[in-house]
Each structure stands twice: as C-alpha cells, then as structure tokens.
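Let's take a friendly walk through this protein model. Have the sequence and the 3D view open as you read.

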Amino acid sequence: MISLRGPINSPQATALAGMMAGDTLRVVVDNSAVAPVLAVETLAGARAGSLTMANYLQVIACVARGHVYEATIMTINGGIYDVRVNRV
C-alpha cells in the first residue's frame, strides 16, 4: 500500500480556511489538462491544491484503477499544509 507525505502545492486559502491538523481531504485526479494532476479537494468539492510528492504518479495510477485515497492534514505552518496520503 502506498503512503506519501508532503506539502499541498498552491494551497487555496478559501478552500482550506478553518481546516486543522487531523482534518481530511479527498484525493482526486484532474484530467482536464494535458497531463493528469493529483489534487486535493474538501469534502464539499472545493479544490484545495495539488500534490507532487515522490511517487505521486503511482497514486494517479491507483486512482485510475478505482482505488480511493485521502489526505490527512498533519501540520499547518503559516500557509504550508503538510499532508499524509493513504488509501482508504
């Protein structure tokens, strides 16, 4: 099972407002661009940012095969949201 940890890229302050360590986000694949993007969304569906930590391409492949992943916020330091990504 794949487990990754790293920061959310381009965190969206509006979507992440009120989030705290321990809260979870959905991990989704955005196929609207030329290459797929691993992204995180709030449970309400608001885009919170993207993920590009080591081995993120493996997660994209797993999501494409139907596996579900979530990102748990581990720490928040200013505007840096560090998350752990695990299969549900």
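This is a predicted model: local features need pLDDT of at least 70, side-chain atom pairs count only at pLDDT 80 or more; totals for chains, interfaces and linings use all residues.

Residues are numbered from 1 along each chain as its sequence is written, and side-chain values use heavy atoms, without hydrogens or water.

Start with helix α2, residues 56–64, where V59, I60, C62 and V63 are buried (under 20% relative accessible area; exposed is over 50%, with a 1.4 Å probe and protein chains only). Because these residues cover an arc of only 165° around the axis, they sit on the same side of α2; the arc is taken from the directions from the helix axis to the C-beta atoms. L57 and A64, on the other side, are exposed. Helices (H or I, at least four residues) and strands (E, at least two) are DSSP runs, numbered from the N terminus.

| Strand | Residues |
|---|---|
| β1 | 3–7 |
| β2 | 24–30 |
| β3 | 37–41 |
| β5 | 69–77 |

After α2 comes G66, with a positive phi near 105°.

Now for the core. The largest nonpolar core has 23 residues, and L25, V27, L51 and V85 touch the most other members. Such a core is a set of buried Ala, Val, Leu, Ile, Met, Phe, Trp, Tyr and Cys residues joined through side-chain atoms within 4.5 Å. With four residues, α2 gives the most to this core.

Finally, S50 lies in strand β4 and counts as buried because its relative accessibility is 16%.

Key. Contact means heavy atoms within 4.5 Å.
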